[in-house]
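Please keep the sequence and the structure in view while reading.

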Amino acid sequence: MASADFAELVAERRKTFLTGKTRSVEWREAQLRALHALMSERAQDFYDALWSDLRRNRVDADFTDVKFIADEAAYALRRLRSWMRPKRVSAPPFLKPGHVDVRYDPLGVGLIIGAWNYPIMLCLSPLVAAIAGGNAAVIKPSEAAPACAEAIARLAPLYLDPDAISVVTGGVPETTALLEQGFDHIFFTGGPPIGKVVMAAAAKRLIPVVLELGGKNPTIVHSSADLRVAARRIAQGRWTNAGQTCTAPDHVLVFKDVAQEFLRHLKEAAIAFYGDDPQRSPDYGRIVNAHHFDRLLNLLGSGEIHHGGQHDREELFIAPTILVNAASHSPIMEEEIFGPLLPVIEIDSVEAAIASINARPSPLGLYVFADDAKIVERILAATASGDAAVNDCTVQPLVRNLPFGGVGNSGMGKYHGEWGFHAYVNARGVLYRSTWFDPDVRYPPYSLRQRLRRLVMRFGM
Ligand code: NAD
């Protein structure tokens, strides 16, 4: 599609928006119901697409994409009317009689650009928010997950209102052309480098953006932690989807006195979850493409392999891998890993953990495994991250109303549940006044006002 065609597409969606159709609560409810039906009735199409693109097993496919979106649509449907209800704010005495209503107006036509790692969720979860907010939308799934992009493009028009919601497939040229259009909102999920490209394009027209980016999520394992539970949760958080999860632990900072025991549990968890030959495990995923496979293999040399390390380019397979003794300025510690390699670094104090976290750009997630609440609070109070979890990791986006999103380098704006609704509306304060009381004191000449003030002061009011 050429840029002129995109201009026409956006004009069509805007035409629909301007009819007022998408503003009605009935339309929003109907679309959320339709989205729920799409995920339920065509679930198999999505399972197949996720298997083809990422070899995603059925349990994870439901947890993170298919059932996740069905549940998110149902949740929004249940709460939509209360989210939409204007909030009353009382006016100050000099503006009485009067009050303010904060109404939540739709923004218009939104552009949603998805990433490939949770290719269904990252397109359709922002769509739930866009619909709840009463907007029209154009979705651009990631070209790196082609089967999922095709499934969304084929199935969405069968269920959702085609006058208001469109899907565009394609890669960088198409995304670049879309970014030249006059959208009213852009919701981007991807890495910080492309996040900057998106924000620069949006700045040309002052289009508001939500940027859901990535980063190096630090994971601290304190001496007070339950080491077995910590290892099992970190193993699952890191190796689900072969480590290609934006909220996965990027590296572990483990206290020296428990490091060996933690490593033993971590290795045991890797074997217990995926067997001695993880390439044959039906639950273990694949790297999305050869480019990312080669990038990850280059990072393998940054430390000593403690466990794993097997790989097969033909199958885009890299085993769950634990690295030790990675230097703090080695490539693996400089960039987001986004794969199944997990460096475990020994530290000897809370200060060292905090210094390591604050030496890097703010991550999307930060995880503390500790049974000592004071240690947890010290770390949370001295650091920043989009979200955090204590004694767990990766799974916090599954909390329906958690304000999900980054801070600083990991992004801006939050969504999921009511937070998503607020990302897609203009909180528009409207002052309502009555006209029966209109004293002169408000208007010039202000000498009258000064006289009144003197009077008030004289009587000590
Ligand atoms: P990416 O930034 O490479 O691509 C994301 C999207 O941008 C794709 O749809 C792609 O078509 C488009 N794109 C790529 N290059 C472009 C360009 N030059 N101009 C315009 N558009 C362009 O990210 P990715 O590889 O798809 O995903 C991995 C990254 O996404 C990781 O950093 C990960 O942490 C992050 N991520 C974040 C979240 C979150 O919710 N915060 C979720 C998933 C992934």
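## Basis of the description

The model is predicted; local features need pLDDT of at least 70, side-chain atom pairs count only at pLDDT 80 or more, and totals for chains, interfaces and linings use all residues. Residues are numbered from 1 along each chain as its sequence is written, and side-chain values use heavy atoms, with hydrogens and water left out.

## The chain as a whole

The secondary structure comes to 17 helices and 18 strands. Helices (H or I, at least four residues) and strands (E, at least two) are DSSP runs, numbered from the N terminus. Along its principal axes, the C-alpha trace spans about 85 × 60 × 35 Å.

Of the 461 residues of the chain, 52% count as buried. Here buried means under 20% relative accessible area, exposed over 50%, and partly exposed in between, with a 1.4 Å probe and protein chains only. The chain exposes about 20400 Å², of which carbon and sulfur atoms supply 56%; accessible areas come from the Shrake-Rupley method with a 1.4 Å probe, and for residues only the protein chains shown count as cover. Among contacts between residues at least 6 apart in sequence, 71% join residues at least 24 apart, a contact being heavy atoms within 4.5 Å.

## The ligand and its shell

The ligand is surrounded by 25 residues, the closest being Gly 114, Trp 116, Glu 143, Leu 213 and Glu 336. A residue is near a molecule if one of its heavy atoms lies within 4 Å of it. The shell divides into 13 nonpolar, 8 polar and 4 charged residues. In this division Ala, Val, Leu, Ile, Met, Phe, Trp, Tyr, Cys and Pro count as nonpolar, Asp, Glu, Lys and Arg as charged, and the others, Gly among them, as polar. Helix H8 (172-179), strand E6 (185-189) and helix H9 (192-205) each supply at least two residues of the shell.

Which residues place polar atoms by oxygen atoms of the ligand? A polar backbone atom of Gly 114 is 2.8 Å from a ligand oxygen, and a polar side-chain atom of Lys 140 lies 3.0 Å from a ligand oxygen. An N or O atom in the side chain of Glu 143 is 2.6 Å from an oxygen atom of the ligand. The ligand taken alone exposes 830 Å², and the protein buries 88% of that.

## Helix H14

In helix H14 (residues 350-358), the buried residues are Val 350, Ala 353, Ile 354, Ser 356 and Ile 357. Seen down the axis of H14, these buried residues fall within an arc of 160°, so they line one face of the helix. The arc is that of the directions from the helix axis to the C-beta atoms. An α-helix has 3.6 residues a turn, so residues three or four places apart point the same way.

The buried residues of H14 pack against strands E8 (218-221), E9 (251-255), E14 (341-347) and E15 (365-369), and against helix H15 (373-382).

## Two buried loop residues

Arg 56 is placed in the loop between helix H3 (43-54) and helix H4 (58-64). At 5% relative accessibility, Arg 56 counts as buried. A polar contact of 2.6 Å joins the side chains of Arg 56 and Asp 65. A polar contact is a pair of N or O atoms within 3.5 Å; within protein, one must be able to donate a hydrogen and the other to accept it, and residues adjacent in sequence count only if both atoms are side-chain atoms.

Thr 247 is in the loop between helix H10 (227-239) and E9, and is buried, with a relative accessible area of 2%. A polar atom of the Thr 247 side chain lies 2.9 Å from the backbone oxygen of Thr 394. Leaving aside neighbours within four places in sequence, the contacts of Thr 247 include Asn 217, Tyr 367 and Phe 404.

## Backbone features

Most residues other than glycine have a negative phi, and most peptide bonds are trans. A cis peptide bond joins Lys 96 and Pro 97, with omega about -10°; Pro 97 is found in the loop between strand E1 (87-90) and strand E2 (98-106). The peptide bond from Pro 444 to Pro 445 is also cis, with omega near 0°.

Asn 391 has a positive phi, near 60°, and is partly exposed, with a relative accessible area of 23%. His 416 has a positive phi near 90°, and is buried at a relative accessible area of 2%.
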